[in-house]
Every structure is written in structure tokens, then in C-alpha cells.
Amino acid sequence: MSKYYLNLDLCFSALGDPTRRMILQRLAWGEATVSELAQHHDMALPSFMEHLKKLEAANLVKSKKEGRTRICELAPDAFTPAKDWLSEQSAIWEGRLDRSDDYIKNLMQERSK
């Protein structure tokens, strides 16, 4: 398995959880401390940190430590692998649907003759 697809698997796995999607939605507004992110979730801090670890492993979130505070932000181009893959799949299916449409139009024309 290529590294590209491993990263893609990690990305989609991370996006599959509503808590992690909520974290990403919050970070879309700008960086935040772990405490700020965690306060909106009804779970213990160690459980919340596991969500952040999965987001970091998927290269969706970056964090840095400033003193005793950990600050998180969206990674640059975080969604590029998923967006690229979805675009490729969309192009494949659009091509298939176009060919199917052409086939049906040709059948209809032949039957009307």
C-alpha cells in the first residue's frame, strides 16, 4: 500500500467520528488551546486527547507547545488528499454516467428509426 493511500485511510478514519469533525470545524475558525477545544465535549481529557492524536496522525491538525499550553490548528492543505481522491472518483463516475447516457440516447435513436 502506498503512503498516499495510508494517509488517505487515516484521513477518512479521522473524519468518521463526529467529535473529531466538531474539532475540525472549530479549528476552521482559528487556532485554539486543548482546553478551549475540550470544554465543548462531555468527556474526560485523556479521551479527548486520543481524538486529537488521531487528527494529528492523519495530518489534519498540528499542535505546538507554548509553556504549559498546547495550541492546535488545522494543518495546511489538511483535506487535500481526501479532496483529490473524491475528485478522481467523481470524474470516473461522471465519465461512466456520460457513456451510459450516450448509450441510451443511441438506443432511443435506433428504435425511433
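Contact here means that heavy atoms lie within 4.5 Å of each other.

## Basis of the model

This is a predicted model, in which local features need pLDDT of at least 70 and side-chain atom pairs count only at pLDDT 80 or more, while totals for chains, interfaces and linings use all residues. Residues are numbered from 1 along each chain as its sequence is written, and side-chain values use heavy atoms, with hydrogens and water left out.

## Helix α4

Helices (H or I, at least four residues) and strands (E, at least two) are DSSP runs, numbered from the N terminus. Helix α4 covers residues 45-57, which is 13 residues. The expected span of a helix is 1.5 Å times one less than its number of residues. For α4 this gives 18 Å, and the end C-alpha atoms are 18 Å apart, so the two values agree.

Which residues of α4 are buried? They are F48, H51, L52 and L55, where buried means under 20% relative accessible area, exposed over 50%, and partly exposed in between (1.4 Å probe, protein chains only). These residues cover an arc of only 95° around the axis, which puts them on the same side of α4. The arc is that of the directions from the helix axis to the C-beta atoms. An α-helix has 3.6 residues a turn, so residues three or four places apart point the same way.

## F48 and its contacts

F48 is part of helix α4 and is buried, with a relative accessible area of 1%. Leaving aside residues up to four places away in sequence, F48 touches I23, V34, L37, A38, H41 and M43.

Most residues other than glycine have a negative phi. N59, which follows α4, has a positive phi near 60°. N59 sits in the loop between α4 and β2 (61-66) and counts as partly exposed, at 46% relative accessibility.

D77 is not a glycine either, yet its phi is positive, about 55°. D77 lies in the loop between β3 (69-74) and α5 (80-112). At 63% relative accessibility, D77 counts as exposed.
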